[in-house]
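Visitor: Hi, I have a chain open here and would like to walk through a few spots with you. Could you help me get started?

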Amino acid sequence: MDMIVERTSAQLEGMEQQFRTTTHNLANVSTTGYKRHLTTFANALAQQMGTTSRGGAGGSPIASTQIDFSQGPIRRTENPLDVAVRGDGFFVLDTPDGPRYTRDGSFRVSATGQLATSDGQLVAGENGPIVIPAWVATSQVTISQDGRVSAEGLPLGQLRLVDFEDRTALVPLGAGRFVAPEDVKPLNASGEIHQGHVEDSNVRAVDEMVNLVVLSRTYGMGMKSARMQDERVRSLLQVAMS
């Protein structure tokens, strides 16, 4: 009986974590470069529906968080400083806390003339920060598929693009950014860079809404089962004490 109660409790905890994960995904459906979060419990729900959850494996009711690193849709913006990666790779950001990795290529020129993110984090180049001279208009900036940045034929640097042998080791920080543990070293990436585009979130709102509906129904069934188990335990205790 204790094992049944413990399993029911674990299932409910798993569903609660899946609910938090799903609502987090929905909140980031429009976040550039965001990668969908998964739990192993999401796969159990998908199997109940006769479908397969994207980007994960398993099917255990015990939830553990994973990241779906699959390619998101690439959208044209016409902004010369926007870049998207098609294929493998992460842009590198030089932050006060160390390197951070992202698929969000919505860049701009900082007040100091360096290529940066919207919140001021510098975009790493192969040989240091990429500086856009004040006399260069953004419309003159050209970024090749291998990340070389130039203006009117003048080389300005090359975007640093890296990948990891085991991406599951990356730790999400929010806003589509990741940090790598000290023992996880970046490798050269093979992805192509597309100027004037960004990679949208790989979250599909319809999938997440379906997950919420199934989760709500399954949670209700789980609560009903937990109440029944509780009533059985109370009955057994009353018999044992009589």
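Guide: Happy to! Helices here are DSSP runs of H or I with at least four residues, numbered from the N terminus. Keep in mind that this is a predicted model.

Visitor: Thanks. Where is Glu16 placed?

Guide: Glu16 lies in helix α1, which covers residues 2–27.

Visitor: And is Glu16 buried, exposed or partly exposed?

Guide: Glu16 counts as partly exposed, because its relative accessibility is 35%, and that class lies between the 20% and 50% limits.

Visitor: How far is the C-alpha atom of Glu16 from that of Leu215?

Guide: The two C-alpha atoms are 8.9 Å apart, although 199 residues separate Glu16 and Leu215 along the chain.

Visitor: Switching to strands: what is the order in the open sheet of three?

Guide: The order is β10-β11-β12, and the pairing is antiparallel. At the edges are β10 (141–143) and β12 (154–158), each with pairing on one side only. On average, neighbouring strands of this sheet are turned by 25° against each other, ignoring direction.

Visitor: How many bridges join β11 to β12?

Guide: Four bridges connect β11 (residues 148–151) with β12, and the two run antiparallel. As for who faces whom, Val149 stands opposite Gly157 in β12.

Visitor: Nice. Now the rings: how many aromatic pairs are there?

Guide: The count comes to six aromatic pairs. One of them is Phe69 with Phe90, an edge-to-face pair with 5.9 Å between centres and 85° between planes. This pair links distant parts of the chain, 21 residues apart: Phe69 sits in the loop between β2 (65–67) and β3 (74–76), while Phe90 belongs to strand β5 (residues 90–95).

Visitor: Are Phe69 and Phe90 buried or exposed?

Guide: Both Phe69 and Phe90 are buried. Another edge-to-face pair is Phe91 with Phe107, at 5.3 Å centre to centre and 80° between the planes.

Visitor: Where do Phe91 and Phe107 sit?

Guide: Phe91 is in strand β5, and Phe107 is in the loop between β6 (98–102) and β7 (108–109). They are 16 residues apart, and this pair too links distant parts of the chain.

Visitor: Why do Phe91 and Phe107 count as buried?

Guide: Buried means under 20% relative accessible area. Phe91 qualifies because its value is 0%, and Phe107 because its value is 4%.

Visitor: Last one: which residues form the aromatic cluster with Phe69?

Guide: Phe69 forms one aromatic cluster with Phe90, Tyr101, Phe164 and Phe178.

Notes. Residues numbered from 1 in each chain as written. Predicted model: local features only at pLDDT ≥ 70, side-chain atom pairs only at ≥ 80, totals over all residues. Heavy atoms only, no water. Buried < 20%, exposed > 50% of the residue type's maximum accessible area, 1.4 Å probe, protein only. Pairing = 2+ DSSP bridges. Axes fitted to C-alpha atoms, helices over the stretch in contact; angles between N-to-C directions. Phe/Tyr/Trp six-rings, centres within 6.5 Å; stacked < 30°, edge-to-face > 60°.
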